[in-house]
Amino acid sequence: MNILIKGADLLGAGRQDVLISDSVISAIGTLDPSARTIDETIDADGLVALPGLVDLHTHLREPGREDAETIASGSAAAAIGGFTAILAMANTTPVTDTAEAAERVLDLGRLAGLVDVQPVGAVTKELGGEELAELGLMAHSRAQVRVFSDDGRCVADARVMRRALEYVKAFGGVVSQHCQDPMLADHNACCHEGELSGRLGLPGWPGVAEEVIVARDVMLARHTGSRVHVAHVSTAGSVEVIRWAKAQGIAVTAEVTPHHLMLTTDLVAGYDPTFKVNPPLRPSQDVEVLRAALADGTIDAVATDHAPHARHDKEHTFIDAAFGVLGLETALSVVSEVMVRAGLLDWVGVAQVMSVRPARIAGLARHGRPIAVGEPANLTLVDPSATVTVDREASLSLSRNNPWHGRKLTGAVHATFLHGLPTVLKGELA
């Protein structure tokens with residue numbers, strides 16, 4: 001199939017045409033459509049072309065909680081959001097802690113066919129934090145797992161974390177850590193610890209509970225010579241530790257979520273469980289530091305932590321509600337709103353934090369590639385001037401725990417191409 005994209009802005013290289021043939025970019029420039037057979041022409045005037053977006057942190061809930069999300073519905077939401085690859089977290093039922101479980105997620109993703117779904121393997125069996133999962137078997141399976149995480153739970157035992165880092169080093173893997181010291185913030189902690197949590201009577205989740213694990217794990221990474229990735233960074237203190245570690249040459253990378261880039265803890269004042277996330281929303285001072293750290297490269301990537309929940313799990317009193325919000329369909333628009341419009345990132349920078357670096361961290365060789373002749377045609381076309389008002393009922397996710405409902409955002413995905421074929425055109429599934 002030959003697809004001609006006419007007049008896209010190629011990240012500072014000016015407006016050019018892009019020809020896609022047989023899953024790769026076959027020509028770039030001012031192209032004459034009459035010189036070859038064209039199956040489809042897409043007018044990209046006013047659109048920016050990015051390498052397809054990559055999400056390091058997605059919860060797809062299948063197997064086990066298909067009432068909240070399936071791999072098919074999550075893949076559809078991801079494609080609408082401009083993603084061509086997503087990493088499916090391991091905290092499913094059963095847990096993705098064996099090679100067979102990882103291969104099952106891989107196969108269901110291929111069956112859906114809308115994004116490349118790469119399974120994340122659990123660090124420990126059943127996320128129990130005590131015994132290492134089948135790290136090597138998952139790495140050498142058809143799924144070729146390279147990212148391991150007990151996300152939702154911290155690998156709190158330093159000995160277990162050390163062994164995991166030593167193990168994954170052998171095959172170039174990385175451990176993505178949910179940084180939450182359970183002795184400083186237990187499973188009931190649900191609100192940033194401060195004046196507001198005291199006034200609301202909600203168990204506090206202090207920033208230091210995140211920061212001490214970040215500090216411990218970067219030191220373990222230095223000791224083992226292995227790689228550690230810090231999931232959903234939320235505090236200024238964590239940024240300070242990560243910046244120091246990088247200056248020491250320690251192999252640490254980090255991600256920040258769209259909701260921690262925009263939303264602040266004051267939204268919890270109404271006890272709306274939509275805004276219950278882990279780690280919790282933080283004060284505006286932390287948010288400003290997170291934005292600056294993403295802009296200067298201290299934080300490497302944006303990751304959605306897309307966490308769908310069925311209504312009967314989310315619509316409770318705040319302390320009893322499930323943690324998490326939707327993020328796949330709105331991530332690009334949020335980054336456009338808080339980073340691009342504010343002048344903190346240009347679109348070249350957006351490509352780095354939402355495609356190039358996430359693909360590199362995850363070891364996805366065919367994603368996050370330059371827009372150049374011969375490269376895989378995994379692409380996202382963005383309309384930077386489009387204004388969208390988020391409607392949770394229009395979501396392709398099966399869940400409705402959408403923190404962006406009713407918000408007006410600038411910047412929207414126009415089209416997504418996976419392996420040369422359109423999955424999204426004009427903002428809708430192709």
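**Ground rules.** Helices here are DSSP runs of H or I with at least four residues, strands are runs of E with at least two, and both are numbered from the N terminus. I am working with a predicted model, in which local features need pLDDT of at least 70 and side-chain atom pairs count only at pLDDT 80 or more, while totals for chains, interfaces and linings use all residues. Residues are numbered from 1 along each chain as its sequence is written, and side-chain values use heavy atoms, with hydrogens and water left out.

**Entry 1: the whole chain.** I started with the secondary structure and found 12 helices and 19 strands in the protein chain. The radius of gyration is 21 Å, close to the 22 Å of the globule rule for 430 residues, so the chain is as compact as a globular protein of that length. (That radius is taken over C-alpha atoms, and the rule is 2.2 Å times the number of residues to the power 0.38.) The C-alpha trace spans about 70 × 45 × 45 Å along its principal axes. I then looked up burial: 60% of the 430 residues are buried. Buried stands for under 20% relative accessible area, exposed for over 50%, and partly exposed for in between, with a 1.4 Å probe and protein chains only. Of the contacts (heavy atoms within 4.5 Å) with a separation of 6 or more, 74% link residues 24 or more positions apart.

**Entry 2: helix packing.** Two packed helices are described by the angle between their axes and the distance between the axes. The axes are lines fitted to C-alpha atoms, for helices over the stretch in contact, and angles run from 0 to 180 degrees between N-to-C directions. Under 35 degrees counts as roughly parallel, over 145 as roughly antiparallel, 65 to 115 as roughly perpendicular, and the rest as oblique.

How does α4 pack against α6? Helix α4 (residues 158-169) meets helix α6 (residues 207-224) at about 45°, with the axes 10 Å apart. That angle makes α4 oblique to α6. From α4 I noted Ala158, Met161, Arg162, Leu165, Glu166 and Lys169 in the contact, and from α6 Arg216, Asp217, Leu220, Ala221, His223 and Thr224. Sorted by type, these residues are five nonpolar, two polar and five charged. For that sorting, Ala, Val, Leu, Ile, Met, Phe, Trp, Tyr, Cys and Pro are nonpolar, Asp, Glu, Lys and Arg are charged, and the others, Gly among them, are polar.

Next I followed α6 to helix α7 (residues 236-247), where the axes come within 8 Å and cross at roughly 15°. This pair is therefore roughly parallel. The crossing is right-handed here as well. Among the contact residues I find Val214, Val218 and Met219 of α6 and Val241, Ile242 and Trp244 of α7. The tally for this contact is eight nonpolar, two polar and three charged.

I went on from α7 to helix α9 (residues 284-296): the angle is about 30° and the axes are 8 Å apart. So α7 is roughly parallel to α9. Ala236, Val239 and Arg243 of α7 touch Asp286, Val289, Leu290, Ala293 and Asp296 of α9.

**Entry 3: helix α1.** Is α1 mostly covered or uncovered? In helix α1 (residues 71-80), nine of the 10 residues are buried, including Ile71, Gly74 and Ile80. They pack against β7 (83-88), α2 (99-112), β8, β17 (408-418), β18 (421-425) and β19 (428-429). After α1 comes Gly82, with a positive phi near 90°.

**Entry 4: Gln118.** This residue sits in strand β8 (residues 116-119). At 13% relative accessibility, Gln118 counts as buried. Beyond four places in sequence, the contacts of Gln118 are Ile86, Leu87, Ala88, Ala143, Gln144, Val145 and Leu364.

Entry 5: Which peptide bonds are cis? Thr93 to Pro94 is cis, with omega about 5°, and Pro94 falls in the loop between β7 and α2. Asn278 to Pro279 is cis too, with omega near 0°; Pro279 is in the loop between α8 (258-262) and α9.

I also checked for positive phi outside glycine. Asp22 has a phi of about 50° and belongs to the loop between β2 (15-21) and β3 (24-29). Asp22 is exposed, at 62% relative accessibility. His419 has a positive phi of about 50° and lies in the loop between β17 and β18. With 29% relative accessible area, His419 is partly exposed.

Technical notes. A crossing is left-handed if the near helix is turned anticlockwise from the far one by less than a right angle, and right-handed if clockwise.
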